[in-house]
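Open the model in your viewer and keep the selection panel at hand. The stops below go from the whole assembly down to single residues.

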There are 2 protein chains.
Amino acid sequence: MVETALANSRLIDAAIQEAEALLGDRLSTSRSVRDLHGESVAWFANHPPDAVAFVHTTQEVSELVKICARHKVPIIPYGAGTSLEGHTSAIHGGITFDFTQMNNIIRVSAEDLDCTVEAGVTRIQLNQYLRDMGVFFPIDPGADASIGGMAATRASGTNAVRYGTMRENVLNLTVVMADGTIVKTARRARKSSAGYDLTRLIVGSEGTLGIITEVTLKLHAIPEAISAGVCPFPDIKAACDATIMAIQMGIPVARIELFDDAQIAACNAYSDLDFPETAILFLEFHGTEQSVAEQMALFADIVAELGGGPFDTATKTEDRNRLWKARHDVYWATLAMRPGCKGLATDVCVPISRLADCVEETRADIEEFNLYAPIVGHVGDGNFHLILLIDPKDPEEKLRVDELLKRLVMRALAMEGTCTGEHGVGMGKMKFLEAEHGQGLGVMRAIKKALDPDSILNPGKVVAM
Amino acid sequence: MVETALANSRLIDAAIQEAEALLGDRLSTSRSVRDLHGESVAWFANHPPDAVAFVHTTQEVSELVKICARHKVPIIPYGAGTSLEGHTSAIHGGITFDFTQMNNIIRVSAEDLDCTVEAGVTRIQLNQYLRDMGVFFPIDPGADASIGGMAATRASGTNAVRYGTMRENVLNLTVVMADGTIVKTARRARKSSAGYDLTRLIVGSEGTLGIITEVTLKLHAIPEAISAGVCPFPDIKAACDATIMAIQMGIPVARIELFDDAQIAACNAYSDLDFPETAILFLEFHGTEQSVAEQMALFADIVAELGGGPFDTATKTEDRNRLWKARHDVYWATLAMRPGCKGLATDVCVPISRLADCVEETRADIEEFNLYAPIVGHVGDGNFHLILLIDPKDPEEKLRVDELLKRLVMRALAMEGTCTGEHGVGMGKMKFLEAEHGQGLGVMRAIKKALDPDSILNPGKVVAM
C-alpha cells in the first residue's frame, strides 16, 4: 500500500489496481518516479502522488478519469514540470497523469496558420518540427514547457507584447472533464460567437476544471527579417517611458524586455557580457527588411528623446541568439550570484503607466528588507519578475521574502494590476485571489463546483477546493 | 395587468411594482415602449417584455436584478437593439433592462491604451470622444451597436483580421450576476494568470450568465497612415487565395473584405459605383507612410501572381470613406434590389483554406434553391455573410431559406467551422449548437445552471434554458 495525504487509501489502492489493469507498466508506483513528480521548481515541499500514469491517448485519459471519479481519487495533470507555483504537487495524494509520452504533432496547416498537437508536445519540439514550413509558434515562456501545461497556466513570455499569450493563441482544446466526458471546446474557425467560450475557460484553469489532452494553436508566419537591439537608460522610469512611447506610436515591437541594474550585473557575470549596470531594454523587431529598419529608426528617435543610449542593434542571428540566451538564462545567472541559495521566481502585472512606480517601489522594498532580488520584465505588457535568492539555512530570510511578496502583490493590486501575469496561481498565489477578485472568486468556485463536484481535478489549487 | 407569455403574471406585477418604486418613470409599461423593445432587426416575431427599465447605474441594475430574482422574473438586457438573432426578444416576458441612458465614458488612458465605459455607450460615440487623443477603438460590426451589446455577443467586424474581436479587446467587465452580486471580472493588467477567465466567459454569453454594466476596452494607436484599395479577381477562389497569401506573408492588412458578383451589383446600384461585377476585395492598410506603401506593393505582387486587378488604391480620406460607406451599406443595398422583401442576415466562419469552397458551394445552393442572397465576407477571418431577401407574401420561400441556412451551417461545421462567426446564437442558431459542440453543450448548460439556477437571465437563448 502506498501512503497518501488525505485521500482514502483503500479507494486509492482500488483505483491504482484498475489503472494498472488499463495501463500495464505505464502505471508506476515507484518511489523515485513519484518523488520526481512531487518535486517542483519552486519553493514548495515535495508532495508525491500515489501513482504516476504515463498516458498515451485521450480515450485512455477518459477511462482513467472515470476510474478516479468512481473512487474519488485526486488527479494531477503533469506536462514538463516547469511550473513555478506548485501546480503539480500532489498535496492530497492521488494519481499524476504524465503527458510526456503523449507528444505527437497531429496536424499542421500552413494555409490556415494553425496546428493540433497532443498536450505533451513541448514548444521547442513544435518549433523544430515547423522550421521548414515558414511558420512558427511564438509563445516563449523561457522554459521548454509542454503546450498542454502552457495552455493550463495561460503562459506567455517575451513576445506576448506582439503575438499575445496562450489566451489569444489557443484555437481549441480537447478536454477530459471530471466525469470522463471528452469535450472539444471549439472548432478551428479563427473566431466564433457560438456559445460560451469554453476554450478560454479551460485556458488558465490549471487542471482544476478539466484535463487538456490536445491543443489547436494559432501559428504565425516567420518574419522575413528579425533584428534585435540593446539600449541602456538612465533609470527604470526612462526605460518604461520609452516602452510606452513605442507602443503608443504603434511600433509593432516583438519583444521589449527590461532588466534592472542587479539583473544586468548577474547576466554580465554569467553570460560574459559587459553591459553598463543600469536599466536596460532588450528589444526585437519582426517584419520585412524595410519595416524592421524603420521600426529601429523610430525607436532610436525615442531613445534620443529620453536620454537613453547608445542603442546597439544586432541583426546577425548569432548576436541575437547570444542576447536572448542571456535573457533566458536570467534565472541561472541570478542563482550563480549567491551559491547555495534557492531561487524563488514570482511575477505581477500592472497597467503599463504604473510599471515604473511599481518596479521602483519594489526595489526600495528589496533594499529595506535586505534581500537580493534582480528584476526582469516583459515591460510591453506591464509584467515583471523578481528572482529572489533565499538561503535555505536562514529561516528568517524566508519570512522577510514572504512579507516582500505580500507587499509586491498588494502594490500591484492597488495599481489595478494582477497578482500574476503569467506564472499562474497554483498554491503560491491562492491567498491573494480574494483580494484580487472579490466576489468574482465566488463565481469561480460556483463553476468549479458545477464542473468538478467531487473536487478530484487538481484539488487544493487555484480556487482551493 | 400586463400580459405575459410564460412567467407568472402575479409575480411579474409584483416585480414591476417594486421596480417602479426604485426607478419612478424610468420604468415603463407603455405598449409602444414594450413593442419597440420586443422588435428585432431579424426575422423573428415581436415578443414585447412586460416592462422596460431605463437603468442608470450598476448599483441600480443590481437592485433591480434582486427584485427580479426574488420574483423569478425574466431579465432581458438591451443595448442598441441591433442584434441579428433575436437576442433581445422577451419570449418569456419579463423586464427588459435598457442601457441607452447608461452611456457615460468613465475614463480613458492614452498611456495604457485602454478606457472604461458604461454598457450603453455606442462605438461611434466612443470613437468621437477619443478622436483627439491619438487612439481609437477598432471593432466595427457595421451597426452603431452598444459596447455592452458588442461584448455580450462577442462582436467583431471588418478589421478583426488585424485588431481581433471583442474577445481580444475587452480587458474586464463589471457584471451583475443572477443574484444581484456585482462582479469585476478582471483587473486592468494587459494579461493575467490569476484564476478562471471570467471576462471571456461573459463575453459572448449574450446576457444569459450575467448582465454587463461596464466594459474596460483595449484601445489602439491611430495609425500615421491609412490607405484603402479595391481589387477585382477572376473568381472567389483567386480572391481567397490572395487573402491567404497576404496573411501567410505577414502583411498586417487591417481590413480585407470579399464581395461576390451579386453583392457588387447591389452596391453599384445603391452607392452609384461602377465596379466590375465579379469577386472583389476591399482592403485597408494601416501603419507608417512607408509601411503602408510597402504593404500595398506586396499585395500588388500577389494580385499580379493570381491574375487579379487592376488594384486601385485610395489614399484620400474621402475616397476611403466612400468605399467603406458602400461596405457598411450592403444590407440596405441588398434590400433595395427587391423592394417589399425582408432581409435575413446570417453568418458562418470556417478555416480560411476552406473559405472558397464554402462560398462556392453556398452559391450553388442559392442558385439551386432559386433564392437571392448576395455574399460579403470578412475573408481574412474565414467569416462570411449571406443577406437573404424573402418575400413576406411567399411562405414557401421562407421554407427554402430555412433549408438553405441549415445546409450552410452543416457545411461550415463539416469544414471544422462554426455556425456563427460574429452574429451570435440568440434564438436563431440555438438548434445548431448541439451539432457544433456535442458534449460541450452539456458543459455550457452546467455553467448556466450553476450561475443562474432559476434561469432568469435572458431565458430561452443560447443554451435554451
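Two residues are in contact if their C-beta atoms, placed from the backbone, lie within 7 Å. This is a predicted model, in which local features need pLDDT of at least 70 and side-chain atom pairs count only at pLDDT 80 or more, while totals for chains, interfaces and linings use all residues. Residues are numbered from 1 along each chain as its sequence is written, and chains are lettered from A, with ligands numbered from 1, in the order in which they are written.

**Both chains.** Colour by chain. Of the interface residues of chain B, 100% are also interface residues in chain A, so the copies meet through the same surface. Chain B is superposed on chain A by a rotation of 180° with 0.0 Å of shift along its axis (RMSD 0.0 Å). That is the relation of a two-fold axis.

**Chain A by domain.** Select 9–101 for domain 1, 105–221 for domain 2, 225–331 for domain 3 and 336–424 for domain 4. These bounds come from an automatic or database domain assignment. Between domain 1 and domain 3 of chain A, the C-alpha centres lie 42 Å apart.

**Strand E4 of chain B.** Select residues 95–98. Strands (E, at least two residues) are DSSP runs, numbered from the N terminus. Ile95(B) and Phe97(B) point one way, Thr96(B) and Asp98(B) the other, and all are buried; buried means that 20 or more other C-beta atoms lie within 10 Å of the residue's own.

**Phe97(B).** Which residues have the most contacts inside the largest nonpolar core? They are Phe97(A) and Phe97(B), in a core of 298 residues. A nonpolar core is a set of buried Ala, Val, Leu, Ile, Met, Phe, Trp, Tyr and Cys residues joined through C-beta atoms within 7 Å. Not counting residues up to four places away in sequence, Phe97(B) touches residues including Ala53(B), Val55(B), Ile76(B) and Ile211(B).

**Phe233(B).** Finish in strand E12 (residues 225–233) of chain B, where Phe233(B) is placed. Phe233(B) is buried, with 23 other C-beta atoms within 10 Å. Ile280(B) is 47 residues from Phe233(B) in sequence but 5.9 Å away in space, C-alpha to C-alpha.

Terms used: A residue is buried if 20 or more other C-beta atoms lie within 10 Å of its own, exposed if 12 or fewer, and partly exposed in between; C-beta atoms are placed from the backbone. Copies are superposed by least squares on the C-alpha atoms of residues with pLDDT of at least 70 in both. Helices (H or I, at least four residues) and strands (E, at least two) are DSSP runs, numbered from the N terminus.
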